[in-house]
Amino acid sequence: GGGEPTVAWELLVEVVDYATRLAKRADVPLRLVLATNGVMSPDQARWIRDRFRAVTLSLDGPREIQDRNRPKPDGSGSFDDVMGFLDVLRGSRAEIFTRSTVTRSMVTRMTDMVEFFVQRANVRNLHFEPAFPTGRCLECLDDGAPAIEFADAFVAASDRAEALGANLRFSATRIGGPFLSFCGCSEDPFSVTVDGLITACLEVIDCRQPMAKRFIFGEYNSLQNHFTIDFDKLKTLRSMNVLEKQGCATCYAKWNCSGDCP
């Protein structure tokens, strides 16, 4: 967490090589996965193709949607760069997933997006999420869609995806349950940020964030070479499941939504 990982290219190469050597020495399996915006040189794309077993690509749809939602710093579109990245990955062992952020103006295009991903981008693992009112989205005129509109459009897009042999998911549509918690925050969370913090939530990665006191429960001590963990916080996190939430007690969907995002 913390931004586009390929921007810190030298560090990314270093840690991947280090982890690979360490896993080989310890004779344990290593599975490397990456989330990226796909804007990089062909050489970098080939390096990723040869090392990562799963890549989640931030891609919002056809050219007109992608270029509007995800312009490069100079204002030009990123569509050609991302499609070039996909071209390099095709035929590799890496599983490819796309992650799309759906704004208000995109709701009516969700079925079109599915068709683009499957027929043009040749990707079948799709993930749509509505734009959340946070960060830059607070200043965006084209914000997230109303829940009912998103739900109706998602059902139609999901039907189209199934017809095309694709899998479309949204974090709140889990019918394969039951689940005690919405995410891993209340299970055994252990994600280390680039700053050495231990967080239970991949969206809380900075001590300055409002929810940091709740979700950041430890850190790596580089001088003593060990992790320090606040076990009282960890105990509280583990209690944030559907069995502990009074509002969930009589809800028919509690085993699927599990109390929603903590």
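Asparagine 225 counts as exposed in this predicted model, because its relative accessibility of 57% lies over the 50% cut-off. The residue belongs to the loop between strand E8 (216-221) and strand E9 (226-229), and its phi is positive, at about 60°, although asparagine 225 is not a glycine. Most residues other than glycine have a negative phi. Aspartate 27 likewise has a positive phi, near 55°, and is found in the loop between H1 and strand E1 (33-36); with 69% relative accessibility, aspartate 27 also counts as exposed.

| Residue | Relative accessibility | Class |
|---|---|---|
| Asparagine 225 | 57% | exposed |
| Aspartate 27 | 69% | exposed |
| Serine 258 | 1% | buried |

Serine 258 is placed in the segment after helix H9 (254-257), and it counts as buried because its relative accessibility is 1%, where the cut-off is under 20%. Beyond residues up to four places away in sequence, serine 258 touches Arg174, Phe179, Leu180, Ser181, Phe182, Val242, Lys245 and Ala253.

In soluble globular proteins, nonpolar side chains tend to be buried together. The largest nonpolar core here comprises 45 residues, and those with the most contacts inside it are Ile48, Phe52, Met110, Val114 and Phe128. Among the elements that give two or more residues to this core are helix H1 (9-26), helix H2 (42-51), strand E3 (95-102), helix H5 (110-120) and helix H6 (147-163), while the largest share, 7 residues, comes from H4. Apart from this core lies another, of 13 residues, which includes Leu197, Phe215, Ile216 and Leu237. Isoleucine 48, leaving aside neighbours within four places in sequence, is in contact with Thr6, Trp9, Leu34, Met40, Val55 and Phe85.

How do the axes of H5 and H6 lie where these helices pack? They form an angle of about 30° and are 8 Å apart, so that H5 is roughly parallel to H6, the angle being under 35 degrees. H5 passes H6 in a right-handed crossing. On the H5 side the contact involves Met110, Thr111, Val114, Glu115 and Gln119, which meet Phe150, Ala153, Phe154, Ala156, Ala157, Arg160 and Ala161 in H6. Sorted by class, the contact of H5 with H6 has 8 nonpolar, 2 polar and 2 charged residues.

Terms used. Residues are numbered from 1 along each chain as its sequence is written. This is a predicted model: local features need pLDDT of at least 70, side-chain atom pairs count only at pLDDT 80 or more; totals for chains, interfaces and linings use all residues. Side-chain values use heavy atoms; hydrogens and water are left out. Helices (H or I, at least four residues) and strands (E, at least two) are DSSP runs, numbered from the N terminus. Buried means under 20% relative accessible area, exposed over 50%, partly exposed in between (1.4 Å probe, protein chains only). Contact means heavy atoms within 4.5 Å. A nonpolar core is a set of buried Ala, Val, Leu, Ile, Met, Phe, Trp, Tyr and Cys residues joined through side-chain atoms within 4.5 Å. Axes are lines fitted to C-alpha atoms, for helices over the stretch in contact, and angles run from 0 to 180 degrees between N-to-C directions. Angles under 35 degrees count as roughly parallel, over 145 as roughly antiparallel, 65 to 115 as roughly perpendicular and the rest as oblique. A crossing is left-handed if the near helix is turned anticlockwise from the far one by less than a right angle, and right-handed if clockwise. Ala, Val, Leu, Ile, Met, Phe, Trp, Tyr, Cys and Pro count as nonpolar, Asp, Glu, Lys and Arg as charged, and the others, Gly among them, as polar.
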